[in-house]
Amino acid sequence: MLRVGIIGVGTVGASVANILRDNKNIITARAGVEIVPHIGVVSNLDKKRDVSIKLTTDINEVLEDDSIDIVVELMGGI
């Protein structure tokens with residue numbers, strides 16, 4: 001299993017998390033390993049997001065988590 005940390009869970013980041021969740025079986029079959037979105041970094045925890053992963057405003061929760069195998073940066077805006 002590969003655990004993914006997503007920095008920037010806006011439109012694109014939420015879509016990536018949901019695609020990984022919704023297409024888990026297909027992705028696992030093609031990649032040979034399960035890829036699981038684990039945690040996401042956002043700028044505002046009060047904003048409604050359609051994701052089922054833990055969200056945080058602290059980027060260090062992702063960067064310092066030894067259980068995370070891959071970090072993707074999907075921040076938009078400025």
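The lining of the largest pocket has six nonpolar, four polar and two charged residues. In this count Ala, Val, Leu, Ile, Met, Phe, Trp, Tyr, Cys and Pro are nonpolar, Asp, Glu, Lys and Arg are charged, and the others, Gly among them, are polar. This is a predicted model, in which local features need pLDDT of at least 70 and side-chain atom pairs count only at pLDDT 80 or more, while totals for chains, interfaces and linings use all residues. Residues are numbered from 1 along each chain as its sequence is written, and side-chain values use heavy atoms, with hydrogens and water left out.

**The largest pocket**

- The largest pocket holds about 210 Å³ of space; a volume is the space filled by probe spheres set on grid points, which are joined across faces, edges and corners.
- Its lining consists of I7, G8, V9, G10, T11, V41, V42, S43, K47, R49, I59 and M75.
- A pocket is found on a 1 Å grid over the protein atoms alone, as an open set of points where a 1.4 Å probe fits, with protein on both sides within 12 Å along at least five of seven lines; lining residues have an atom within 4 Å of a point.

**Nonpolar cores**

- Ten residues form the largest nonpolar core: V4, I6, V9, A14, A17, L20, I35, V42, V51 and I53.
- A nonpolar core is a set of buried Ala, Val, Leu, Ile, Met, Phe, Trp, Tyr and Cys residues joined through side-chain atoms within 4.5 Å.
- Buried means under 20% relative accessible area, exposed means over 50%, and partly exposed lies in between (1.4 Å probe, protein chains only).
- Helices (H or I, at least four residues) and strands (E, at least two) are DSSP runs, numbered from the N terminus.
- A second, separate core has five residues, including I7, I39, V41 and I68.
- I35 touches L2, V4, L20 and I27, with residues up to four places away in sequence not counted; contact means heavy atoms within 4.5 Å.

- T56 is in strand β3 (residues 54-56) and is buried, because its relative accessible area is 5%.
- The side chains of T56 and E61 are joined by a polar contact of 2.7 Å.
- A polar contact is a pair of N or O atoms within 3.5 Å; within protein, one must be able to donate a hydrogen and the other to accept it, and residues adjacent in sequence count only if both atoms are side-chain atoms.
- Not counting residues up to four places away in sequence, T56 touches I39, G40, V41, V42, L45 and E61.
- V62 is in helix α3 (residues 60-63) and counts as buried because its relative accessible area is 1%.
- Apart from neighbours within four places in sequence, V62 is in contact with G5, I39, V41, I68 and V71.
- V62 and L74 are twelve residues apart along the chain, and their C-alpha atoms are separated by 14 Å.

- H38 is in strand β2 (residues 35-41) and counts as partly exposed because its relative accessibility is 27%.
- The side chain of H38 makes a polar contact of 2.6 Å with the side chain of R3.
- Leaving aside neighbours within four places in sequence, the contacts of H38 are R3, V4, I53, K54, D65, S67 and I68.
- N44 is in the loop between β2 and β3 and is partly exposed, because its relative accessible area is 34%.
- A polar atom of the N44 side chain lies 2.8 Å from the backbone nitrogen of D46.
- N44 and T56 are twelve residues apart along the chain, with 8.5 Å between their C-alpha atoms.

**An exposed residue: G32**

- G32 is in the loop between α2 (24-31) and β2 and is exposed, because its relative accessible area is 65%.
- G32 and D65 are 33 residues apart along the chain, and their C-alpha atoms are separated by 24 Å.
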